[in-house]
Amino acid sequence: MNQEFSLNDVQATRELLSDYVTQTPIHQLNSPTISKLLGNQSQVFLKLELFQHTGTFKVRGAINSALNLSQEKVQNGFTAVSAGNHAIATAFTAKTLKTKSKVVMIKTANQLRISKCQEYGGEIVFADDAHSAFNLVEEIQRKEGYTFLHPFEGKKVSLGTATLGLEFLEQVENLDAVVVAIGGGGLASGISMAVKELKPKCQVYGVEPRGANTMHRSFETGKPESIDQVKTIADSLGAPYASDYSFSLCRKYIDSLALVSDQEMINAMALLLDETKLVVEPAGAASLAAALAPLRNKLFNKRIGLIVCGSNIDLPSFKTLIDSAVAFQ
């Protein structure tokens, strides 16, 4: 398996995706809390990928995968497995390319994600948990002929997310560090490759929830690992296993990993609401949570880029979480 791709490949992918994705904006986060915790000389730049079509970065990998398929495979329709965000991106991709989609979602998926998937025409089948969801999607492929769009694995997925890293470094120069959340590694693999190839001295930190530490386990053993159960509010970061391609890129390009607690993500969600008026899901706040907690000393007085990767959460759920937030100390 060819594990590599070049910046020329990323540029070509960006051209391919130009009619299908939007260049998301940057916001510099200035607040007394940031100055207190990260130093008066720190500069924090948010890459607002929550303003991407479907509300997350997922559309970059999904539509790039689809555009590289034969017309026959496109006409067969798309299937996917997801806690919600990739399901929405798959349904969006199918609608955009004028085909059908049948996706597997975890039964505990946020109602807003279910509704958004259905709005794009996605047919939904529910599974009890992530492991059974992957089994069910294999059955849909085998029996019904749908084409599988993987949520995080494969060269086309990583190339799609690498376009986000390329955008970010063009929008903000001279970053000392980039912090990115990790679920299965599809986002982190592409971003880390683009950042390291463009700016080798820029540190790249990957962030996982404590209750879904698949990549940490994989880094420790040097091979893709799995976890028995996902135990985090950041369900969109709850990949049950790591896979060869995304793991290999993460292992090569990410400098180190950090773990954040559910409480730290909630606290970061509240800070983003207070300081930027953004409503983000837990995964979308993971990079800020890491910057203000486990990575604080490493990022002190640095020029930092944070990926705000998603916003798909309904307001009642958001309020319930925010009500339990506490200030970073």
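**Close-up 1. R113 and D235 in a salt bridge of the predicted model.** At 2% relative accessibility, R113 counts as buried, and the model in which this value was computed is a predicted one. The side chain of R113 meets that of D235 in a salt bridge, with 3.0 Å from N to O. Distant parts of the chain are linked by this pair, since R113 lies in helix 6 (residues 111-119) and D235 in the loop between helix 10 and helix 11, 122 residues apart.

**Close-up 2. Other salt bridges of the chain.** The count of salt bridges comes to 13. One of them is formed by E170 and R14, whose closest N and O atoms are 2.7 Å apart; this pair also links distant parts of the chain, with E170 in helix 8 (residues 155-171) and R14 in helix 1 (residues 7-17), 156 residues apart. Both partners are partly exposed, E170 with a relative accessible area of 45% and R14 with one of 21%. A further salt bridge brings together the side chains of K319 and D323, at 2.9 Å from N to O, and here both residues are exposed. Through salt bridges that share partners, K47, E49, R60 and E167 are joined into one network.

**Close-up 3. S218 and the buried residues of helix 10.** S218 has its place in helix 10 (residues 214-221) and is buried, its relative accessible area being 0%. Leaving aside residues up to four places away in sequence, S218 touches K223, P224, E225, A242 and F247. Within helix 10, T214, M215, H216 and F219 are buried along with S218, and the buried residues of this helix pack against strand 8 (203-209), helix 11 (244-253) and strand 9 (256-260). The residue that follows helix 10 is G222, which has a positive phi, near 80°.

**Close-up 4. Cysteines without disulfides.** The structure holds zero disulfides. For C117, the closest cysteine sulfur is that of C309, and because the two sulfurs are 18 Å apart, they are too far from each other for a bond. C117 counts as buried, at 0% relative accessibility. C309 is likewise in no disulfide, and the cysteine sulfur nearest to that of C309 belongs to C250, 14 Å away. C309 also counts as buried, with a relative accessibility of 5%.

Close-up 5. Four strands with parallel pairing make up an open sheet, in the order 5-4-3-6. Its edges are strand 5 (123-127) and strand 6 (147-148), each of which pairs on one side only. Between strand 3 (residues 78-82) and strand 4 (residues 101-106), the pairing runs in the parallel sense over five bridges; T79, for instance, has K102 in strand 4 as its bridge partner. Helix 5 (residues 85-96) packs on the sheet and touches both strand 3 and strand 4, and the direction of this helix makes about 165° with that of strand 3.

Technical notes. Residues are numbered from 1 along each chain as its sequence is written. This is a predicted model: local features need pLDDT of at least 70, side-chain atom pairs count only at pLDDT 80 or more; totals for chains, interfaces and linings use all residues. Side-chain values use heavy atoms; hydrogens and water are left out. Helices (H or I, at least four residues) and strands (E, at least two) are DSSP runs, numbered from the N terminus. Buried means under 20% relative accessible area, exposed over 50%, partly exposed in between (1.4 Å probe, protein chains only). Contact means heavy atoms within 4.5 Å. A salt bridge is a side-chain nitrogen of Lys or Arg within 4 Å of a carboxyl oxygen of Asp or Glu. A disulfide is a pair of cysteine sulfur atoms within 2.5 Å. Two strands pair if DSSP finds at least two bridges between them. Axes are lines fitted to C-alpha atoms, for helices over the stretch in contact, and angles run from 0 to 180 degrees between N-to-C directions.
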